[in-house]
Amino acid sequence: MTAPAESGIDIWDDDVLVDPYPTYAALREQAGVVHLPKNDLYVLTRYDIIRDVLGDPATFSSTTLGFNPMVNEALQGTSLASDPPLHTQLRATLSENLTPRALRGLKVTIDEKAERLVADLVAGGSFEAIDSLARAFPLEIVADLIGFSGHVKDNMMRWGQAAMQVIGPMNQRTQESFPIAGELYGWCSSVTAGDLAPGSIGRGIFDAETRGDIPEGSAGHIIHQYLGAGVDTTIASIGNIIALFGRHPEQLELIRENPDLVPAAFAEVLRYWAPVHIWGRTATREVEIDGVTVPAGAQLGILFGAGNRDPRHYENPDTFDIRRNPVDHLSFGYGPHGCAGQGLAKLEAHAIIDALARQVKSLSIADGVRVPSNITRSFEKLQVVKVVAS
């Protein structure tokens, strides 16, 4: 075993966060594991290495998945920041309402909402895609699903964004977001079944706690994960859908000709532009990764976007091609911590892509505005200058 390669890159530099792909490529070609002294971090850059690490929770723990001690302390006891066997128990309740069977009844509702929303936007001839579509659509669906109302529903977006931002290092973005994330933590620690709509998934999680299926006091942690981990990433993905099909109209035409390509199209969106920039694990022991020694207690940074563009795994990885159907992309993670909400994310994204393909002939988009964000890579603004109905 040898010492890892090193790079002077700051993985949270503003320019890197706005467009990380040149940095991903440079790090990936340097080595599969690269030590970043500026960040006190070992980043993983290649597909097979990332997948192997995600599949080994005993060696690579999620209990300190964040990049600052305050967030790791705040997340203790959650499914997100736990290892088996606690993770297995919490995950079962989190996932119970997110299985394909459980979501089947939602599909019609989600499809109808997407159809109406896209129709209204198309009728206007132009629209700002982030506020009016990428944010509006998933926020409404998650609010109804969990049973949020009132001030919680009004705060979902800012809470969700802050909950992701504070997973980063203790930089200015993290510090500014902690008070907002604290509002979410505070609400989740005091929420009761009565605060959530009857018949909602949120109520069902409290029922599971009452039955003893999960530890007492865990219901709020699980509800936090729906808001903290699910909303911001779905918003990012839907914004990316609009941007990529605006840039690649021939790909939207392929779906118009063959609607069965909708799932493959979303998989390629996720592979091409990963919504999550970096995610953490901690080595529980000294371990060899790709021939280099990583010390016990080392913080790892998983670069999903670098793995998704690894030419060792995908042919022509820098080309956006929905016919690729990359069902094994890394953007939903892998292993025990693979995204619990991916079924819901797929329903929402598939509904939007399907509605766009049927209702839109072409989208003309302006250059989108991205702002630096520690964890989620998304558009802040994306203007559709002209939309031609099909």
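**View 1. Contacts and overall build of the predicted chain.** Among contacts (heavy atoms within 4.5 Å) in the protein chain between residues at least 6 apart in sequence, 72% join residues at least 24 apart. This is a predicted model: local features need pLDDT of at least 70, side-chain atom pairs count only at pLDDT 80 or more, and totals for chains, interfaces and linings use all residues. Residues are numbered from 1 along each chain as its sequence is written, and side-chain values use heavy atoms, with hydrogens and water left out. The protein chain has 15 helices and 13 strands; these are DSSP runs numbered from the N terminus, helices being H or I with at least four residues and strands E with at least two. Its radius of gyration is 20 Å, close to the 21 Å that the globule rule gives for 390 residues, so the chain is as compact as a globular protein of that length. The radius is taken over C-alpha atoms; the rule is 2.2 Å times the number of residues to the power 0.38. Buried residues make up 56% of the 390. Buried means under 20% relative accessible area, with a 1.4 Å probe and protein chains only.

**View 2. The open six-stranded sheet.** The strand order is β1-β2-β3-β9-β6-β4, with mixed pairing. The edge strands, β1 (5-6) and β4 (60-61), each pair on one side only. Two strands pair if DSSP finds at least two bridges between them. Helix α2 (residues 21-30) lies across β1, β2 (33-36) and β3, running at about 115° to β2. That angle is between N-to-C directions, on a scale from 0 to 180 degrees, with axes fitted to C-alpha atoms, for helices over the stretch in contact.

**View 3. Strand β9 and its two partners.** Strand β3 (residues 41-44) runs parallel to β9 and is joined to it by three bridges. Here Val 43 has Gly 301 as its bridge partner. Strand β6 (residues 279-283) runs antiparallel to β9, with four bridges. Arg 281 has Leu 300 as its bridge partner in β9. Both faces of β9 (residues 299-302) are covered. Gln 299 and Gly 301 are buried on one side, Leu 300 and Ile 302 on the other.

**View 4. The buried side of helix α12.** In α12 (residues 249-257), the buried residues are Gln 251, Leu 252, Leu 254 and Ile 255. They cover an arc of only 150° around the axis, which puts them on the same side of α12. The arc is that of the directions from the helix axis to the C-beta atoms. Their cover includes α11 (219-247), α13 (262-272), α15 (342-359) and β10 (360-365).

Terms used
Buried < 20%, exposed > 50% of the residue type's maximum accessible area, 1.4 Å probe, protein only.
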